[in-house]
Amino acid sequence: MSEVKEKIVSTVDAGTTREVVVRLRDLYKSFGDNKVLNGFNMVLHKGENLVVMGKSGSGKSVMIKCLVGLMSPDSGIVEVLGKNIVTMDQEDLDELRSDIGFLFQGSALYDSMTVRENLEFPMRRHKGRFKGVNDTLPLVREALENVGLAHTMDLMPEELSGGMKRRVALARAIILKPKLILYDEPTSGLDPITAKEIIGLMRSIQKKYGTSALIITHDVDCARVISERMVLLVDGINYAEGTYEELVAATDPKINAFFKK
Ligand SMILES: Nc1ncnc2c1ncn2[C@@H]1O[C@H](COP(=O)(O)OP(=O)(O)OP(=O)(O)O)[C@@H](O)[C@H]1O
């Protein structure tokens, strides 16, 4: 275990007053002999941008799936917005997910729907939350204005560039004003300038709405700019935690490997 982790974990355990939005404790998940999560721990505080890095196949997606209840851990605690995910029924899970925004790899817009219809989609899924909303237009417009794309409302996804699609996907992720946003590789496949724009938007959204964000990325520049704190997932555990600067300065070779260009 690295010095960095011991230092930071002790600060967190020493009774921080920040509200906890996600708590994963002693998470284990195996597939046959493949032990993917081996006692993983993580805490995300309210309003925080937490970056999780791990090499390909290290279990980041498995961790996220456990976090949103798409996969059950073999053991361990998964608390999201004060609720225990592991014991929840489907109805409660659906309700909880209306408080979570997702921006997953590749934007995943529906090609046969306009931008506006793509944005309305989460509202249709979580009808209960929008009972009193007859006119979705103001919400769609506000979400698109946040990403500078209000003029694209009636366009089809094929009429947008890759960077614009990612921004629309970001607008869709925030339209429900989620308390928590999960970003899975938000800058993958984008050129450095567009990636920078997306990171800028992620930051301004967090500032405007006070959203908590968990960001999974391989992009060291993205991690440097966006993270307040980082967790490195290695060998199924939270191998190291700290700020970007603390982790870059660490001497442990397994930590260094993440920051080599
Ligand atoms: N449903 C499943 N059944 C069996 N094995 C699985 C399943 N889901 C994931 N795994 C295994 O768990 C390990 C971790 O996979 P995971 O997708 O979480 O990695 P990752 O860190 O997200 O990788 P990447 O960065 O490439 O997306 C891999 O060895 C994978 O084969």
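Is leucine 180 buried or exposed in this structure? Leucine 180 counts as buried, because it has 22 C-beta neighbours inside 10 Å. The cut-offs are these: a residue is buried if 20 or more other C-beta atoms lie within 10 Å of its own, exposed if 12 or fewer, and partly exposed in between, with C-beta atoms placed from the backbone.

Before going on, a word on what you're looking at. This is a predicted model, where local features need pLDDT of at least 70 and side-chain atom pairs count only at pLDDT 80 or more, while totals for chains, interfaces and linings use all residues. Residues are numbered from 1 along each chain as its sequence is written.

Now for the overview. The protein chain holds ten helices and ten strands; these are DSSP runs numbered from the N terminus, with helices (H or I) of at least four residues and strands (E) of at least two. Of its 261 residues, 37% are buried. Take the contacts in the chain with a separation of 6 or more: residues 24 or more positions apart account for 69% of them. Here, two residues are in contact if their C-beta atoms, placed from the backbone, lie within 7 Å.

Back to leucine 180, which sits in strand E7. Leaving out residues up to four places away in sequence, leucine 180 touches Val21, Val22, Leu81, Asp99, Ile100, Thr211 and Ser212. Valine 22 is 158 residues away along the chain, yet the two C-alpha atoms are separated by 8.9 Å.

From E7, step across to strand E8. E7 and E8 pair in the parallel sense over five bridges, where pairing calls for at least two DSSP bridges between two strands. Tyrosine 183 has isoleucine 215 in E8 as its bridge partner. Strand E3 (residues 49-53) also runs parallel to E8, joined by four bridges, and there valine 51 stands opposite isoleucine 215. E8 itself (residues 212-216) is largely enclosed by the rest of the structure, because five of its five residues are buried. Ser212, Leu214 and Ile216 point one way from E8, and Ala213 and Ile215 the other way.

There's an antiparallel arrangement to find as well. Four strands make an open sheet in the order E2-E1-E4-E5. E2 and strand E5 (83-84) stand at the edges with a single partner strand each, so one side of each has no neighbour in the sheet. Inside that sheet, strand E1 (residues 20-31) and strand E4 (residues 75-80) pair in the antiparallel sense over five bridges.

What about the interior? The largest nonpolar core has 63 residues, and those with the most contacts inside it are Ala171 and Leu232. Such a core is a set of buried Ala, Val, Leu, Ile, Met, Phe, Trp, Tyr and Cys residues joined through C-beta atoms within 7 Å. Helix H6 (residues 162-174) supplies the largest share of this core, six residues. Ten of the 13 residues in H6 are buried, including Ala171. From first C-alpha to last, H6 reaches 19 Å, close to the 18 Å expected at 1.5 Å a residue; the expected span is 1.5 Å times one less than the number of residues. Leucine 232, for its part, is in contact with Met53, Gly54, Tyr239, Ala240, Leu247, Ile255 and Phe258, leaving aside neighbours within four places in sequence.

Two loop residues are worth a look. Most residues other than glycine have a negative phi. Lysine 177 has a positive phi, near 50 degrees, and lies in the loop between H6 and strand E7 (180-184). Glutamate 185 also has a positive phi near 50 degrees, in the loop between E7 and helix H7 (192-209). Lysine 177 is partly exposed, because 14 other C-beta atoms lie within 10 Å; glutamate 185 counts as partly exposed too, with 18.

Finally, the ligand. Around it are Phe31, Asn34, Val36, Gly54, Ser56, Gly57, Ser58, Gly59, Lys60, Ser61 and Val62, each with a C-beta atom, placed from the backbone, within 6 Å of it. Strand E2 (34-45) and helix H2 (60-67) are the elements that give two or more residues to this shell, and H2 gives the most, with three.
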